[in-house]
Amino acid sequence: MCGIVGYIGAQPAVDILLDGLTNLEYRGYDSAGIAVNVDGQVELYKAEGKLQNLKDIVNAKKSHIEKSTIGIGHIRWATHGAPTTANAHPHSCNCGRVAIVHNGIIENYKELREKLEKQGCTFRSQTDTETVAHLVATKFAQTNDLTEAVRLATKELEGAYALCVIHQDVKNTLVATRRNAPLLVGIGEGEYYVASDVPAIISYTKKAMYLDDNQIVTLTPDSMKLIDSENNVLSQKIETLPWEPVALSKMGYKHFMLKEIHEQPDVVRNVLSGKLKAIDEPIKLNEVTLDKDKLKDLNRIQIVACGTSLHAAMIGKYIIEDFCGIAVDVEPSSEYIYRKTITDKNTLVIGVSQSGETADTITAVRQAKKQGSHILIVTNRPDSTMAREADSLVPVNAGIEVSVAATKSYMAQVISFYLLAIYMAEVKGVNNFTELKHELVVLPQKIEKVLAHKEDIQTCAKKFSSAKDFIFIARGINFPTALEGALKLKEISYINATGYTAGELKHGPIAMLDESMPVLSILMSGKVYDKILSNSEEAKARNARMIALTDSTDEKLNDLFESIIRVPEIDELLSPALAIVPLQLLAYYIAEFLGKDVDQPRNLAKSVTVE
C-alpha cells in the first residue's frame, strides 16, 4: 500500500526521492514525506494529501535541501492514526538523529511503545512506525553501529515491515531490511537506490537485488553489504529489472486507467504469446509443473484471492470445473487464513494477485504449503514474494499497471485462467478446444472493435452519471463480470454499485427497484440468455431503468431497455473477457463526468501489503 524510496550516492537526493515517490503514487496514499541529511543534520519534510503538497514545501527550500546526497522518502496509506502530518513518514526519535520509513504493520507496537515510554521516549504520532524509530535509536545508543541497531531492533518486532533507516551521526550509510513486505535495492555506479517497487527506480537503473525476509542491507556510496538476522554475511543475487520507463507514461491518454483499458488487446496477445502457438497444438505453460500423475491424484482445487483477482478466480472456477471435472472452491484470502486450513498433498491451491505482494494471499498460500499442497501462483509480478513461494507459476504479462483500479491485469488473469484450464484438461487427455482456442486468438480484434466504438458507452455514462445506486445482474459465467463491473464503478465514482446473480434479484433485492434505480443486465448469447431476459423483464416491471450489455442483435431488446451497449458476438464461455471492457469504460466515463480522481480514488491502494 505505502511506498518507500531511498537514495545514497553523489546526486542531489531530493530530486530522486520525489521522482521515485511520483512513480509510486499509483499504490494509493494519503500523506507523504522525505528525510535528508543536510550538512550533518537530519531534516524531515512532510505533508498531508497529495504529493504535490510535499513538493511545494520542498521546492521552497530546494537550494538548501539539494546539498544532500542521502535520503529516504515515503507515501503513506493510513493504518494506525489519521492521515495527518504528524502521522506521516518519515518518523524520528526524541533526539531527531534517526529517521525511518516503514511499510507494513508492527503487531506488537503497543507493548513496545509502553516499554519505550518507561525508558523516557516521547511519542509524537499515533503510528506503529514511530515505535521502530525509538527502538532503533535505543539500540544505536548501545552499539554505535546503525546496522547492528537495526538488526537488534527487528528481533523485537512482530508483524510485517519494510524499513529504510538513516542516522545523523552516520552520514554516508543507509540501512534497509524487510519481513513480509517487498523491498529491493537498485544498483548504479557509485550510488544505490532502495524502493518498495520497481517503478520508483526504473528510470535510474535496471540492475537490482531483491531482499528476502529478515535480510539486512547496508549501503554506502561505494559498497553494499548483505547479512541475515544472525549477522551472517550473504551472497548477493543481482537481477535485471523487466520494465522500460515508457510504461509509466500516459502516452497521450487523459488518465492511466483509460490507457490501460486500451492496452488490453495487446495484453491478450502477450498472454497468449508462446503459450497458444496454434489452435491444433497443446497449450504450453513452461512454469507449470502439473503432470498427468499429479492431476490424476487431485481431488480438489482451492483458489484464494482478493478484490478484482477474486472475480478472475471465480471465472477460473467455472471453466476449470467445466473443462477438467475437478471440484473448485474460491474464497477471499482474508477469510481463508482465519479458519482451519483443510488442504493436503492432493489439493492444488492457486493464489491470484496482481502485485504478488497481497498480504492475505501470501499468508493463505503459505498455510496451504505447510499442509503439503501444490502451490500455483497467477501474478503480474514474477519477481514477487508470491511467485517465490510457487511450485508452479503463471505470469500474466500485463506490464506495469499504474491506475489503482485494475483493468488490464484483470484481463490478463482471466485469459491466464482459460489457458490454465485448457492446459490441465489437455494433460488429462481432453482435446476438444479448437474452437475456443480460435476464439482466444481473435479476441483482441473484438476488444479493439469495442474500443473503437465507445459512443454508446459514453452516452450511457452521461445519462446515468447522476445515479446514487446501481445494480448489475448476470447469470452463469458472467456473474463474476457483474461483480467486477460493480466494483469498478464504486471504486472510481463512489456510486453504491452491487452485483447479483439475476435469479436472486427476486429474493430480496427487487424491493430496491424503482424509477431511480439503474439495472444493467449482462445479456450474452448462450444457455442462460432467455433466463436473464426474463429477469430483466421482472426488473422493468418494477420501473427500474434498464441497461443491456449484449452481443445479441435482437431488435426486441429496444422495447425493454432504455440503453443498449452492444459488443461483437462471442462464444458464451469466453464472453467474460469481452463483456468486462465496456463495463470498465462505463465506470471510467461516469467517474470522469463526475470529476473524480480516476487513477487514485480515495482510500484505495494498488498493492495491499497488510492484512
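In which sense, right-handed or left-handed, does helix α10 pass α14? The model is predicted, and in it α10 passes α14 in a right-handed crossing. This report begins with that helix pair and then turns to other parts of the structure.

## Helices α10 and α14

Helix α10 spans residues 307-324, and its axis comes within 9 Å of the axis of α14. The two axes cross at roughly 20°. Angles under 35 degrees count as roughly parallel, and α10 and α14 are therefore described as roughly parallel to each other.

On the α10 side, the residues that meet α14 include Thr308, Ala312, Ile315, Ile319 and Phe323. On the α14 side, the residues that meet α10 include Tyr410, Val414, Phe417, Ala421 and Met424. By class, the residues of this contact divide into 15 nonpolar, five polar and no charged.

## Helices α5 and α6

The axes of α5 and α6 come within 8 Å and cross at roughly 130°. These two helices are therefore oblique to each other, and their crossing is right-handed. From α5, the contact is made by Leu135, Val136, Lys139, Phe140 and Thr143. From α6, Leu146, Glu148, Ala149, Val150, Leu152 and Ala153 take part. The contact of α5 with α6 has eight nonpolar, one polar and two charged residues.

Asn144 is found in the loop between α5 (129-143) and α6 (146-154). The phi of Asn144 is near 55°, a positive value in a residue other than glycine. Asn144 is exposed, because its relative accessible area is 60% and the cut-off for exposed is over 50%.

## The eight-stranded sheet

Eight strands form an open sheet with antiparallel pairing. Their order is β3-β2-β4-β1-β10-β9-β11-β14. The edge strands are β3 (41-48) and β14 (239-240), each of which pairs on one side only. In general, strands of a sheet pair through backbone hydrogen bonds, either parallel or antiparallel.

Within this sheet, β2 and β4 run antiparallel and are joined by six bridges. Val36 has Gly71, in β4, as its bridge partner. Helix α2 packs on the sheet, where it touches β2, β3 and β4. The direction of α2 makes about 140° with that of β3.

## Helix α1 on the sheet

Helix α1 lies across β1, β2, β4 and β10, and runs at about 155° to β1. How many of the 10 residues of α1 (residues 13-22) are buried? Seven of them are buried, and the helix is mostly covered.

The buried residues of α1 are Ala13, Val14, Ile16, Leu17, Leu18, Gly20 and Leu21. These residues pack against strands β1 (3-8), β2 (31-38), β4 and β10 (192-195). They also pack against helices α2 (51-60) and α3 (62-65).

## A hairpin of β12 and β13

Strand β12 comprises residues 216-220 and strand β13 comprises residues 223-227. They pair in the antiparallel sense over five bridges. A hairpin joins β12 to β13 through two residues. Thr218 has Lys225, in β13, as its bridge partner.

Leaving aside its neighbours within four places in sequence, Ile100 is in contact with residues including Ile72, Pro90, His91, Val132 and Leu163. The C-alpha atoms of Ile100 and Lys171, which are 71 residues apart along the chain, are separated by 14 Å.

Pro90, one of the contacts of Ile100, lies in the loop between β4 (70-76) and β5 (91-92). The peptide bond from His89 to Pro90 is cis, with omega near 0°. Most residues other than glycine have a negative phi, and most peptide bonds are trans.

## Asn397

Asn397 has a phi near 60°, a positive value in a residue other than glycine. Asn397 is placed in the loop between β19 (392-395) and α14 (408-427). At 32% relative accessibility, Asn397 counts as partly exposed.

Note on methods. Residues are numbered from 1 along each chain as its sequence is written. This is a predicted model: local features need pLDDT of at least 70, side-chain atom pairs count only at pLDDT 80 or more; totals for chains, interfaces and linings use all residues. Side-chain values use heavy atoms; hydrogens and water are left out. Helices (H or I, at least four residues) and strands (E, at least two) are DSSP runs, numbered from the N terminus. Buried means under 20% relative accessible area, exposed over 50%, partly exposed in between (1.4 Å probe, protein chains only). Contact means heavy atoms within 4.5 Å. Axes are lines fitted to C-alpha atoms, for helices over the stretch in contact, and angles run from 0 to 180 degrees between N-to-C directions. Angles under 35 degrees count as roughly parallel, over 145 as roughly antiparallel, 65 to 115 as roughly perpendicular and the rest as oblique. A crossing is left-handed if the near helix is turned anticlockwise from the far one by less than a right angle, and right-handed if clockwise. Ala, Val, Leu, Ile, Met, Phe, Trp, Tyr, Cys and Pro count as nonpolar, Asp, Glu, Lys and Arg as charged, and the others, Gly among them, as polar. Two strands pair if DSSP finds at least two bridges between them.
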